[in-house]
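Good morning, and thank you for joining this group meeting.

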Amino acid sequence: MEIILKNRPEEKRKLLAALESFVCAHQLPPAAGRAADLALEEHLTNVMEYAYDDRREHEIRVRLDVNGAHLVVEVEDDGRAFDPTQAPEADTSLPLDQRPIGGLGIHFIRRCMDEVRYQRQANRNVLRMIKRLPAAAA
Amino acid sequence: MDIQKNIAGDSYELLVSGRVDGEGANRLDEGILAILFNKNKDNQQDPKKIYVNLSGATFLCSAGVRALMQHSRTMKTRQGELLVTRPSLEAAEVLKMAGVYEHLVEKI
């Protein structure tokens with residue numbers, strides 16, 4: 001399934017509806033659906049807020065697929081090059097008053113998905129996020 | 001997302017239901033700011049405790065966690081406290097992932 005979004009936050013609602021249908025159609029476990037929902041929210045927020053240097057409308061392509069025992073979520077945007085896999089790890093062991101306020105979004109993507117890969121292809125960012133599915137759901 | 005506010009003296013409770021996504025996090029932030037800085041409205045007292053009840057939260061993103069962390073710090077500087085109460089499964093998972101569950105969730 002491919003969903004094409006404009007770079008506007010309200011477009012995420014359209015994606016949520018598509019994700020819910022996809023999870024239902026493929027009878028995926030709720031935990032896998034929650035993980036994809038969170039990873040997409042965090043990544044798309046970063047893309048929409050930080051990837052573009054202009055105010056023009058851009059297309060962001062989201063692809064959902066079940067490939068064997070994996071849920072594959074891919075996001076492709078034409079924003080400036082940014083590799084989230086190279087972002088520093090958030091230190092969640094620090095006391096609350098010493099913690100930086102930002103940086104949790106990428107931490108959530110790493111924690112809720114099993115594999116995250118980035119590629120820069122033809123001036124586009126492609127982030128592939130993979131969630132392993134329990135045997136019964138595959 | 002909906003937020004309902006209950007006030008008892010200097011204790012405030014925000015009952016949050018629905019998705020605390022980017023847009024929901026902004027509304028949560030505004031709801032807490034209204035308690036912190038609009039104290040004269042409706043003869044409200046200075047808040048000593050703010051309880052954010054997340055039992056009805058079906059989703060929580062990093063922007064929501066950030067709002068909770070930020071205002072928890074503000075309340076500490078005022079010798080007060082902001083606590084999360086009864087987080088749903090979805091909210092609890094995210095608070096644990098962020099490493100703030102032990103710090104923010106009310107111990108019963």
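Please bear in mind throughout that the model is a predicted one.

Helix H1 of chain B covers residues 22-37, which makes 16 residues. From its first C-alpha to its last it reaches 22 Å, close to the 22 Å expected at 1.5 Å a residue.

Which residues of H1(B) are buried? They are B:Gly24, B:Ala25, B:Leu28, B:Ile32 and B:Ile35. These residues lie on the same side of H1(B), because they cover an arc of only 100° around the axis. Their cover includes four elements of chain B: strand E1 (2-8), strand E2 (11-20), strand E3 (49-60) and helix H2 (62-77).

I turn now to the contact between the chains. Chain A contributes 19 residues and chain B contributes 18 residues. On the side of chain A that touches chain B, helix H2 (30-50) and helix H3 (104-112) of chain A each supply at least two residues. H2(A) gives the most, with 6 residues. By class, this side of chain A has 7 nonpolar, 4 polar and 8 charged residues.

Finally, consider one residue of chain A. A:Asp91 is found in the loop between strand E3 (70-77) and H3 of chain A. Is A:Asp91 buried or exposed? A:Asp91 counts as exposed, because it has 12 C-beta neighbours inside 10 Å. The C-alpha atoms of A:Asp91 and A:Ile130 are separated by 23 Å, and the two residues are 39 residues apart along the chain.

Technical notes. Residues numbered from 1 in each chain as written. Chains lettered and ligands numbered in written order. Predicted model: local features only at pLDDT ≥ 70, side-chain atom pairs only at ≥ 80, totals over all residues. Contact = placed C-beta atoms within 7 Å. Nonpolar A, V, L, I, M, F, W, Y, C, P; charged D, E, K, R; others polar. Expected span 1.5 Å × (residues − 1). Buried ≥ 20, exposed ≤ 12 C-beta atoms within 10 Å, placed from the backbone. Arc of directions from axis to C-beta.
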